[in-house]
Structure formats: C-alpha cells, structure tokens
Amino acid sequence: MTQYHYLASKAALKTTTHENKTDFIYQNDLDFLSLNFEENIDERTNEKFTYSKHFNPTCNFQVAISEGKLPLKGEEQNNDYESKSLKILHDYIIKASKESDTLELYTSWNGEENLPLTNKTELAIENLTPEKLILRDRELLIIKNKTFTYIT
C-alpha cells in the first residue's frame, strides 16, 4: 500500500503539470526530488470528489501529494530527501494560504482515508514550519490564516 498526503483548501490549489517542461540535467537523486500535486477530479466522469470525509466540506479544492519523501511522525529518517520534501510542501502551503483562510493537511494509507482520525490539530500559518508538517497516519492538521481576507 501507499501512504498519501492530501491537502484541501477553500480556494483552487495549483497542480503539477508535466506540459511545457524542459529537460533538466540533475547532478544527483536529491536534485531530481520533487512533489507531485494531483487534483481531485475523476478522470472518467470529470467530476470533483473528496479524498477523505474528514475534510471540511468548504475545502472542496484538494490535491493528492505524491512522489518525494514525506515522513510519518515517529518514522523520520532525518535525511536530505525528507528535508527537501518538507520544504517543498511548506512553501506550497505558504503560497496557497494567500488564497484561502483555511488549509487542511491529512495523511493516510491508500484505501484508509475514511477510517477514524488518530489526531486532529489546528495551527496558525505564522507558526507553521516544515517540521510541523510531519503527521501521524490518519492525522488531520488544520492550518488557519487569521489575517486572510477574501476579496469580493
């Protein structure tokens, strides 16, 4: 089975596109490391779905995060691959927080997305660090941007 991380937001989230990418020369595996952000759209029906019932229904823009080396709490290897993956995710969340007052990060094994939560916490975006993105299996982290104001 595969461990997935999911991010949900009230505003659209940027996804990874493989179009228009140029060829790069990578010096090593760490240089090549990236995260992939895949939208919650069913390819067959072209309709939106939720990755987990634990997400707030107002956070209907969601991405599944794959690739990279995002660790689980208590299983960290504390290596450069994890550090880079956490930094990429942290930067992505910081950018996304400029469009939404709430983001929700959740992780679970594939097929276990709707099992009971092991933990649920809330954190202000100002206090978010890459290390605080290390979650337990089936943990939900709610990230609030209290300074955010919607432009109407």
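This is a predicted model: local features need pLDDT of at least 70, side-chain atom pairs count only at pLDDT 80 or more; totals for chains, interfaces and linings use all residues.

Q: OK, then where does Asp91 fall, buried, exposed or partly exposed?
A: Asp91 is partly exposed, because its relative accessible area is 29%.

Q: What does the side chain of Asp91 meet in a salt bridge?
A: The side chain of Lys87, with N to O at 2.8 Å. Both residues sit in helix α2, four residues apart, so about one turn of the helix. Lys87 has a relative accessible area of 43%, so Lys87 is partly exposed as well.

Q: How many salt bridges does a search of the whole structure find?
A: Six. Among them is the one between Arg44 and Asp42, where the closest N and O atoms are 3.4 Å apart. Arg44 is exposed, because its relative accessible area comes to 76%.

Q: What about Asp137, which residue does it form a salt bridge with?
A: Arg138, and the closest N and O atoms there are 3.6 Å apart.

Q: And is Asp137 buried or exposed?
A: Buried, because the relative accessible area of Asp137 is 18%. Arg138 has 17% relative accessibility, so Arg138 counts as buried too.

Q: Switching to rings. How many aromatic pairs turn up in the whole structure?
A: Five. In one of them, Phe37 and Tyr92, the ring centres are 3.9 Å apart and the planes are at 5 degrees.

Q: Why is the pair of Phe37 and Tyr92 called stacked?
A: Planes under 30 degrees apart count as stacked, and these planes are at 5 degrees, so the pair qualifies.

Q: Which elements do Phe37 and Tyr92 lie in?
A: Phe37 is in strand β2 (residues 35-39) and Tyr92 is in helix α2, so the pair ties together parts that are 55 residues apart in sequence. Phe37 and Tyr92 are both buried.

Q: Next pair: how do the rings of Phe55 and Tyr106 sit, stacked or edge-to-face?
A: Edge-to-face, with 6.2 Å from centre to centre and 75 degrees between the planes. That pair also links distant parts of the chain: Phe55 is in the loop between β2 and β3, while Tyr106 is in strand β4, 51 residues apart. As for burial, Phe55 has 5% relative accessibility, so Phe55 counts as buried, and Tyr106 is buried with a relative accessible area of 0%.

Q: Which residues form an aromatic cluster?
A: Tyr4, Tyr6, Phe49 and Tyr51 form one.

Q: What does the side chain of Ser100 contact?
A: There's a polar contact of 3.4 Å to the side chain of Ser9. The backbone nitrogen of Lys10 also lies 3.3 Å from a polar atom of the Ser100 side chain.

Q: Last one, the second largest pocket. What's the space in there?
A: About 280 Å³. Its lining has 18 residues, and the closest to the centre are Gln3, Gly68, Lys69, Leu70 and Pro71. The elements that give two or more residues to the lining are β1 (3-9), β3 (61-67) and α2 (80-96).

Q: And what's that lining like by class?
A: Seven nonpolar, seven polar and four charged residues.

Terms used: Residues are numbered from 1 along each chain as its sequence is written. Side-chain values use heavy atoms; hydrogens and water are left out. On a 1 Å grid over the protein atoms alone, a cavity is a set of points where a 1.4 Å probe fits but cannot get out, and a pocket is an open set with protein on both sides within 12 Å along at least five of seven lines; lining residues have an atom within 4 Å of a point. Grid points are joined across faces, edges and corners, and a volume is the space filled by probe spheres set on the points. Ala, Val, Leu, Ile, Met, Phe, Trp, Tyr, Cys and Pro count as nonpolar, Asp, Glu, Lys and Arg as charged, and the others, Gly among them, as polar. A salt bridge is a side-chain nitrogen of Lys or Arg within 4 Å of a carboxyl oxygen of Asp or Glu. Buried means under 20% relative accessible area, exposed over 50%, partly exposed in between (1.4 Å probe, protein chains only). A polar contact is a pair of N or O atoms within 3.5 Å; within protein, one must be able to donate a hydrogen and the other to accept it, and residues adjacent in sequence count only if both atoms are side-chain atoms. Rings of Phe, Tyr and Trp (its six-membered ring) pair if their centres lie within 6.5 Å; planes under 30 degrees apart count as stacked, over 60 as edge-to-face and the rest as tilted.
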